[in-house]
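Student: I want to check the labels on this model against their cut-offs. Can we go through them one by one?

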Amino acid sequence: MTKPVSPVAAWESLFRAQVAVMRQIASEFPSDVISLNEYDVLFTLSLAENRTLRIRELNENVLLTQPSISRLVDRLAARGLVTKLTDPNDGRGTLVALTDTGFDLFRDAAHIHGRSIASRMSTALSPDELTELARLTRKLYASVTAR
């Protein structure tokens, strides 16, 4: 019989694994093309309907911490990777849309990034373990976001 693990010990294990894997993946990221934070914004926009989000929604959905999403979006807009638009439903709001150029750059970086992720994850975990990990983390995520 497996000895029960405390919630704190489980969290520490999850957190330390995530940080270690993230550091390894970040070291392999094609940062000469785009930063990991920029990639995160392009990734988030690529998943959105019409590849467009309000800047507030973008800030709520990026995976990495970004203290000033507005400045990051301005830098991406200056490079032609996103466009900023006035929200037609609320003139006070700003929409951020992924351009075709931004999507192409995202897709190219995603291929490299995806290979790195797949290598790290499949080296450590079997297909069944990956399935179980995904199930458990979705369950944890759902319990937090449902509140």
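Student: Which residues have the most contacts inside the largest nonpolar core?

Tutor: Val41, Leu42, Leu45, Leu58, Ile69 and Val82, in a core of 24 residues. The elements giving two or more residues to this core are helix H2 (36–47), helix H3 (55–61), helix H4 (69–78), strand E3 (94–98) and helix H5 (100–124). H2 gives the most, 5 residues. A word on the source: this is a predicted model, where local features need pLDDT of at least 70, side-chain atom pairs count only at pLDDT 80 or more, and totals for chains, interfaces and linings use all residues. Residues are numbered from 1 along each chain as its sequence is written, and side-chain values use heavy atoms, with hydrogens and water left out.

Student: What makes a set of residues a nonpolar core?

Tutor: The residues must be buried Ala, Val, Leu, Ile, Met, Phe, Trp, Tyr or Cys, joined through side-chain atoms within 4.5 Å. In soluble globular proteins, nonpolar side chains tend to be buried together.

Student: What is Val41 in contact with, leaving aside its neighbours within four places in sequence?

Tutor: Leu58, Val62, Ile69, Leu72 and Leu76. Contact means heavy atoms within 4.5 Å.

Student: Why does Ser46 count as buried?

Tutor: Buried means under 20% relative accessible area, exposed over 50%, partly exposed in between (1.4 Å probe, protein chains only). Ser46 has 18% relative accessibility, so Ser46 counts as buried. Its place is in helix H2. Helices (H or I, at least four residues) and strands (E, at least two) are DSSP runs, numbered from the N terminus. Beyond its neighbours within four places in sequence, Ser46 is in contact with Arg51, Leu98, Phe103 and Phe106. Ser46 and Ala97 are 51 residues apart in sequence, yet 9.0 Å apart in space, C-alpha to C-alpha.

Student: Why is the pair of Phe103 and Phe106 called tilted?

Tutor: Start with the search: the whole structure has 6 aromatic pairs. In this pair the ring centres are 6.0 Å apart and the planes stand at 45°, so the pair is tilted. The rule: rings of Phe, Tyr and Trp (its six-membered ring) pair if their centres lie within 6.5 Å; planes under 30 degrees apart count as stacked, over 60 as edge-to-face and the rest as tilted. Phe103 and Phe106 both lie in helix H5, 3 residues apart, about one turn of the helix. Both are buried. With Phe29, Tyr39 and Phe43, they form one aromatic cluster.

Student: Which charged end sits over the ring of Phe103?

Tutor: That of Arg51, 3.6 Å from the ring centre. The test asks for NZ of Lys or CZ of Arg within 6 Å of the ring centre and within 35 degrees of the ring normal.

Student: How do you know that His113 is buried?

Tutor: His113 has 9% relative accessibility, so His113 counts as buried. Its place is in helix H5. Leaving aside neighbours within four places in sequence, His113 is in contact with Ile25, Phe29, Leu36 and Tyr39.

Student: How many helices and strands does the protein chain have?

Tutor: The chain has 6 helices and 3 strands. Along the sequence they follow the pattern α-α-β-α-α-β-β-α-α. Buried residues make up 28% of the 147 residues. Of the contacts with a separation of 6 or more, 53% join residues 24 or more positions apart.
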